[in-house]
Amino acid sequence: MWERMKDGSLTLVEEGVTALQFMKQRIRSLSLNGDDDAFYVADLNDVIQKHCRFLQQLPRVRPFYAVKCNSSIEVLQVLAALGTGFDCASKTEIQMILGMGVPATDIIYANPCKQPSHIRYAAKHGVNRMTFDCESELEKIPENHPDAELILRIHTDDEGSICCLSKKFGASIQTCEHLLKRAKSLNVLVTGVSFHVGSGSRNPQTFHQCIADARLLFDVGNKLGHKMRVLDIGGGFPGNPDFQPTFKEFAAVIAESLVQYFPSTEDVEVIAEPGTYYVCSAVTGALNIVTKKVDNVKGADEKDRRQLSYFLNDGLYGSFLKFKICKEYNFPKPIVEKDILPSAERFPSKLWGPCCTEKDVILEEVDLPELEVGDWIIFQNMGAYCMAQRSTFNGFLPPPVHHILGKDKWTLFEKQMHRLSHKSV
């Protein structure tokens with residue numbers, strides 16, 4: 001993986017060069033060569049800035065990056081060099097992180113419902129921390145992983161979130177004492193409590209209530225003889241800079257709640273599972289118009305108006321599935337790459353993906369100036385769950401991702417990345 005980063009998947013740039021600037025330079029170069037393939041740019045400098053901000057605003061919380069959000073080797077390598085832990089949801093993700101040289105103690109197997117053979121794999125490789133939320137999961141542990149350190153995932157009130165994960169995961173507070181007693185009877189060690197407020201949460205106070213609930217369960221667990229020492233506050237932190245409330249507002253509520261319920265004088269390790277926060281704003285996409293169609297439609301004033309359809313070389317079955325699955329996500333605003341006069345007329349336009357199905361629609365209607373085949377359209381904030389959910393439907397391969405990193409930062413990380421690479425051998 002170290003060699004791969006040196007052999008073309010990473011471009012070192014001067015300090016201050018943004019993904020958008022790099023992208024425009026690359027478009028100009030591609031145009032000269034007649035190349036019109038879609039591509040993405042991942043700004044690893046942005047990931048580093050997010051990490052620094054996280055540590056500054058939540059100094060007591062250690063981040064365990066959610067691998068499922070964006071599992072590009074380059075992102076994972078930089079985060080490993082920064083010293084984050086990793087939230088893995090599957091055997092494959094655990095293999096990937098261990099293969100980078102990350103110690104097993106820096107991994108949490110944060111899937112409450114796990115395949116027994118995958119639990120055995122975790123046990124074999126020393127990945128002991130894992131979550132659970134029901135009795136049947138507890139009953140797998142004595143036979144498959146007797147050294148497991150379980151973390152009880154609780155249900156949250158996440159109705160204000162874009163993706164309400166408590167519809168699928170989390171034990172109700174009313175059942176938690178029974179689960180803790182059952183764990184004790186099975187001689188299974190429970191070491192803490194976890195929760196997830198849902199992806200795209202809009203209510204920082206949800207963290208306050210969850211931390212208060214965790215405090216109650218810590219007390220119950222300790223009385224039953226468990227060694228409760230880990231509080232996992234999950235993910236749900238915003239990664240889009242335009243999202244409201246801001247990360248700073250979430251962090252303020254979390255910090256205050258920790259002081260109230262888990263003061264620093266207690267021997268409690270606080271971790272989190274941020275994913276979107278780290279990578280959403282880091283990735284920008286450039287799509288090329290391959291076909292243009294023009295229709296005349298009647299507007300509200302009964303006058304004919306031109307309606308334009310543009311066919312792009314990435315789409316719903318590529319990098320945009322996330323926005324179809326969860327329509328509540330803010331769809332990235334399309335940005336026309338070429339210079340357009342502010343006075344230029346806008347037309348109702350439809351953006352299609354490349355697949356041979358009428359379902360492959362990126363945007364049903366958006367007002368755009370008239371464009372031509374060969375023009376480029378840019379989409380920002382494409383780093384979270386967009387790369388991870390791509391398919392190769394119709395034989396359209398996922399567009400490449402070009403990672404950029406400041407030369408000054410590369411110098412700082414080079415030795416650490418090299419060390420991790422040798423540990424994985």
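How many residues of the lining of the largest pocket are nonpolar, polar and charged? The views below take this up.

**View 1. The largest pocket of this predicted model.** Its lining divides into 20 nonpolar, 14 polar and seven charged residues (Ala, Val, Leu, Ile, Met, Phe, Trp, Tyr, Cys and Pro count as nonpolar, Asp, Glu, Lys and Arg as charged, and the others, Gly among them, as polar). The volume, the space filled by probe spheres set on grid points joined across faces, edges and corners, is about 860 Å³. A pocket is an open set of points on a 1 Å grid over the protein atoms alone where a 1.4 Å probe fits, with protein on both sides within 12 Å along at least five of seven lines; lining residues have an atom within 4 Å of a point. Cys163, Leu165, Ser199, Tyr329 and Tyr385 lie nearest the centre. Helix H12 (321-325) gives the largest share of the lining, three residues (helices are DSSP runs of H or I, at least four residues, numbered from the N terminus).

**View 2. The second largest pocket.** Here you find about 320 Å³ of space. Among its 18 lining residues, Pro241, Ser281, Thr284, Gln380 and Asn381 lie nearest the centre.

**View 3. Helix H6 meets helix H7.** Pro116, Ile119, Arg120 and Ala123 in H6 touch Glu137, Lys140, Ile141 and Asn144 in H7 (contact means heavy atoms within 4.5 Å). By class, this contact has four nonpolar, one polar and three charged residues.

Residues are numbered from 1 along each chain as its sequence is written. In this predicted model, local features need pLDDT of at least 70 and side-chain atom pairs pLDDT 80 or more, while totals for chains, interfaces and linings use all residues; side-chain values use heavy atoms, leaving out hydrogens and water.

Conventions:
Helices (H or I, at least four residues) and strands (E, at least two) are DSSP runs, numbered from the N terminus.
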